[in-house]
Amino acid sequence: MRTDLLHRRAGGQRTTVVSRPTALVDLAALRANARTITRLTGTPLLAVVKADGYGHGAVALARAALAGGASALGVTSVTEAVALRRAGIDVPVLSWLNAPATDFRPALHARVDLAVPSLDHLEAIRAAVRRTGVTATIHLHVDIGMSRDGAGQDSWGRLCTEARTAEEAREVVVHGLMGHLGCADRPGHPTTTRDLDRFDRATRVAHAAGLRPTVRHLGGTPAALTDPRARLDLCRVGAGLVGIDPARTGAPLRPALTLLAPVVAVREARAGQRVGYGDAHVLPRATRLALLPVGYADGIPRIASGRASVLLHGRRCPVVGLVSMDQVVVDVGALPVVAGDTAVVLGPGAGGEPTTHEWARWAGTIEHEIVTGIGPRVDRRHVEEDH
Ligand SMILES: *Cc1c(COP(=O)(O)O)cnc(C)c1O
């Protein structure tokens, strides 16, 4: 716990007091999750820290995952990968989603491994290799059913032979083959079996082209936790590191994020008074309203208006009226809430606060969107214990 955070007893609860919207990130939980995942999978772990570490801070998540047993890191863009290097992180980093027009030279200088989903990407990387004199370590990426990133079945054979040519020219080393599973959150789904077969076929094509990749890897958290067939040589896990278990396997993962907001003002309100934009909410009775300086720009989903609640003084208080860009209004009733109190907007749930899962349900989305949606105005503080 950092010493610049104050604690105050409110309604019998120990609450961290904040003067601005703050996301507390529990590093011990992140480390424990990495340990749990490596124990459950028995497979080397590539920790996915894209999207600023799923909103938890990319460097902090990377360090915690490495301390918990991860051996490599993964991100989408080379910009994210180079930022990890700048922070002094030295383990293998794989970047898998870049436009072919990307300048790959900084990635090569930073020894970032690159996923290659097309001939255009291969050509761009070869050009960067010739200009820098640095050999590229690459993972060929095949689309095995999501019609998203990765080479389609029709271009895969050609990509493999061209990659072999580049390898013979000592421009690249084809270190890995990768694919992604789209239905692994539904264990036993026949689509996964079909996708795994496609990956095996793509592997045979790569071998026939003369490639000898060292690692093959597939899928994310749900694949790693539910399907031993999908683990292969490396599990690419992001969501699980931050405590999200999309397939609801019951794995003992700990949510690591607590979102706090200070009460900016409290007002007495009469029956019939409107709250927020429009006339979406008219107070049915007199009450007291607390104002929190967090809104949809900070990741509070507007669509959760009318359903969401937050924790104040240990009690759930409903968010009333529409969520604004910068603020929400909470009906605190008779609770002795005053300006300067701290609301727990989201957290692991141990103190009765709403969880990420609950927010996702209120917003009709998945937990990933809630944690990655927490905006840049929210202060991130990395701490060592739960709250
Ligand atoms: C985001 C991502 C992952 C991690 O998925 P989680 O389900 O969050 O663990 C793995 N692989 C690829 C290609 C990804 O884009």
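## Annotated sites and the parallel sheet

Met325 counts as partly exposed, because its relative accessibility is 41%. That value comes from a predicted model. The residue sits in a loop, between strand E16 (315-320) and strand E17 (328-331). Setting aside residues up to four places away in sequence, Met325 touches Gly295, Tyr296, Ala297, Asp298 and Arg377.

Apart from neighbours within four places in sequence, Arg148 is in contact with Asp143 and His180.

The unreviewed UniProt entry also lists Lys50, as "modified residue: N6-(pyridoxal phosphate)lysine". Lys50 belongs to helix H2 (residues 50-54). Buried would need a value under 20%, and exposed one over 50%. Beyond its neighbours within four places in sequence, Lys50 is in contact with Gly74, Val75, Thr76, Glu80 and Trp96.

| Residue | Relative accessibility | State |
|---|---|---|
| Met325 | 41% | partly exposed |

### The sheet

In what order do the strands of the open sheet of 8 strands run? The order is E10-E9-E8-E7-E6-E5-E4-E11, and the pairing is parallel. E10 and strand E11 (235-237) stand at the edges with a single partner strand each, so one side of each has no neighbour in the sheet. From one strand to the next, the twist averages 30 degrees.

Of its 8 residues, 6 are buried, so E9 is largely enclosed by the rest of the structure. On one side, E9 runs parallel to strand E8 (residues 136-141), joined by 6 bridges. Ala136 stands opposite Val172 of E9. His139 stands opposite Gly176, also in E9. E8, helix H7 (residues 153-168) and E9 together make a right-handed β-α-β unit.

E9 also pairs with strand E10 (residues 215-218), in the parallel sense, over 4 bridges. Here Leu177 has Arg216 of E10 as its bridge partner. The chain goes from E9 to E10 through helix H8 (residues 190-208), and this β-α-β crossover is right-handed.

H8 lies across E9 and E10, at about 155 degrees to E10. Helix H6 (residues 119-132) lies across E8 and strand E7 (113-116), at about 150 degrees to E7.

### Helix H3

Which residues of helix H3 (residues 58-67) are buried? They are Ala58, Ala60, Leu61, Ala62, Ala64 and Ala65. An α-helix has 3.6 residues a turn, so residues three or four places apart point the same way. The cover over the buried residues of H3 includes both helices and strands. Among the helices are H1 (27-41), H2 and H4 (78-86). Among the strands are E4 (45-48), E5 (72-75) and E19 (379-383). H2, part of this cover, is the helix that holds Lys50. E4 and E5 also belong to the open sheet. After H3 comes Gly69, with a positive phi near 115 degrees.

### The whole chain

The protein has 387 residues, and 54% of them count as buried. Its secondary structure comes to 11 helices and 19 strands. The C-alpha trace spans about 75 × 45 × 40 Å along its principal axes. Among contacts between residues at least 6 apart in sequence, 66% join residues at least 24 apart.

Definitions and conventions:
Residues numbered from 1 in each chain as written. Predicted model: local features only at pLDDT ≥ 70, side-chain atom pairs only at ≥ 80, totals over all residues. Heavy atoms only, no water. UniProt positions renumbered as here; feature names shortened; annotations may be inferred. Helix = DSSP H or I, 4+ residues; strand = E, 2+ residues; numbered from the N terminus. Contact = heavy atoms within 4.5 Å. Buried < 20%, exposed > 50% of the residue type's maximum accessible area, 1.4 Å probe, protein only. Pairing = 2+ DSSP bridges. Right-handed = clockwise from strand over helix to strand, strands pointing away. Axes fitted to C-alpha atoms, helices over the stretch in contact; angles between N-to-C directions.
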